[in-house]
Amino acid sequence: MSLRPGFTGSPLDRADRLRDDPAAFDAALTDPRARLLRLDGIDPVLDDGGHLCWTALADGHPTAALLLLGLQDDEPRFVELRYDMPEAATRSHSIFPLLDRMPAGEAASYAGARSLIDWHLRHRFCARCGSAGTRIFRAGWGRRCADCGAEHYPRVDPVVIMLAMHGDSVLVARQPRFPAGRYSALAGFVEPGESVEEAVIREIGEETGIAVRDVRYVASQPWPFPSTLMLACVATADDTAITLDTTELEDALWVDRAGVAAAMAHAEGAPFLPPPPFAIAHSLFRWWLDETAA
């Protein structure tokens, strides 16, 4: 099965070649075709069809910095940065219904803009010398400290998200913050000095007491809350005895293939409510159902 998880497939050309060329960046800023992504705080503004709204650069806030997202149909595309904007980790109640309406490619463009804004909001101080003198450079894709000269660049945090498999069943779990009835794949941050495979084994063991082996990578997805890279995997479990870490999870259970299929179809009586389509856990369930089809 060919996967195209949510927040992937952006039509933007990231145009890295323009980031270190001040003249080219200035030309993009003065290009009459240049467009500015419209935001409500840090959330997207959509038209009636669920598409991102773009406007002229002149319509932006007069004191905002402009970050170059890239080119689309050779037109420069920007997003503005204001230091009074909310951080990306702060999710409004409206964001997920908006994401449900958006085509995956446009959601990917928005996700990049959201994560980039958040990175700037959280990196005004130099991590090397502590100075508040960092300044934007590389068309918005870096900050340089005016005091010590250190350069800082946007980063993502790797997160493994995985299904433990045993026979025709997979392990699903829920956190207390999930909507009622929702279960998803297990997930956790990759720690320093750890491989993706080691993180999968450790996280499943820590959270559920299940030992797994034969880890396989499936797909990846950027997740802009605030800026992680979700690495979807599957692994084989030799037993099904769950020892739940209640500091992390509210519940975990094994669900057979018929139960997962019912959940994904939102069938009456399904054993759980699945994650939304823009989440890679949803794609991972779909992939597993396809892989295990008779």
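Trainee: What classes of residue make up the lining of the second largest pocket?

Mentor: In its lining there are 15 nonpolar, eight polar and three charged residues. Keep in mind that this is a predicted model.

Trainee: How does anyone find a pocket to begin with?

Mentor: The general idea is that you roll a probe the size of a water molecule over the atoms, and that shows where empty space is left. Here, the second largest pocket holds about 520 Å³ of space. It is lined by 26 residues, and those closest to its centre are Arg 14, Ala 111, Gly 112, Ser 115 and Trp 141. Two or more lining residues come from each of α3, β13 and β14.

Trainee: Which element gives the most to that lining?

Mentor: That's α3, with eight residues.

Trainee: Now the largest pocket: how much space lies in it?

Mentor: About 930 Å³. Its lining has 35 residues, and Arg 91, Gln 175, Arg 177, Phe 178 and Trp 223 lie nearest its centre. By class, you'd count 21 nonpolar, five polar and nine charged residues there. Elements supplying at least two residues each include α2 (95-101), α4 (196-208) and α6 (280-291). Strand β12 gives the most, with four residues.

Trainee: Let's move on to sheets. In what order do the strands of the three-strand sheet come?

Mentor: Read across the sheet and you get β7-β8-β9, an open sheet with antiparallel pairing. At the edges are β7 (134-137) and β9 (151-152), each pairing on one side only. Strand β8, residues 142-145, joins β9 through two bridges, and Arg 143 stands opposite His 152 in β9. Helix α3 (residues 104-121) packs on this sheet and touches β7, β8 and β9, with its direction at about 15° to that of β8.

Trainee: And what is the pairing like in the four-strand sheet?

Mentor: It's mixed, in an open sheet ordered β4-β1-β6-β5. Its edge strands are β4 (54-56) and β5 (65-72). Ignoring direction, neighbouring strands are turned by 40° against each other on average.

Trainee: Do β1 and β6 run parallel or antiparallel?

Mentor: Parallel: two bridges join β1 (residues 35-37) to β6 (residues 75-81). Look for Arg 35, which stands opposite Arg 77 in β6.

Trainee: Which helices should I look for around this sheet?

Mentor: Start with α1 (residues 22-30), which lies across β5 and β6 and runs at about 90° to β6. Then find α3, which packs on the sheet, touching β1, β5 and β6, at about 40° to the direction of β6.

Conventions: Residues numbered from 1 in each chain as written. Predicted model: local features only at pLDDT ≥ 70, side-chain atom pairs only at ≥ 80, totals over all residues. Heavy atoms only, no water. Pairing = 2+ DSSP bridges. Contact = heavy atoms within 4.5 Å. Axes fitted to C-alpha atoms, helices over the stretch in contact; angles between N-to-C directions. 1 Å grid on protein atoms, 1.4 Å probe; cavity = no way out; pocket = protein on both sides within 12 Å on 5 of 7 lines; lining within 4 Å. Points joined across faces, edges and corners; volume = space filled by probe spheres on them. Nonpolar A, V, L, I, M, F, W, Y, C, P; charged D, E, K, R; others polar.
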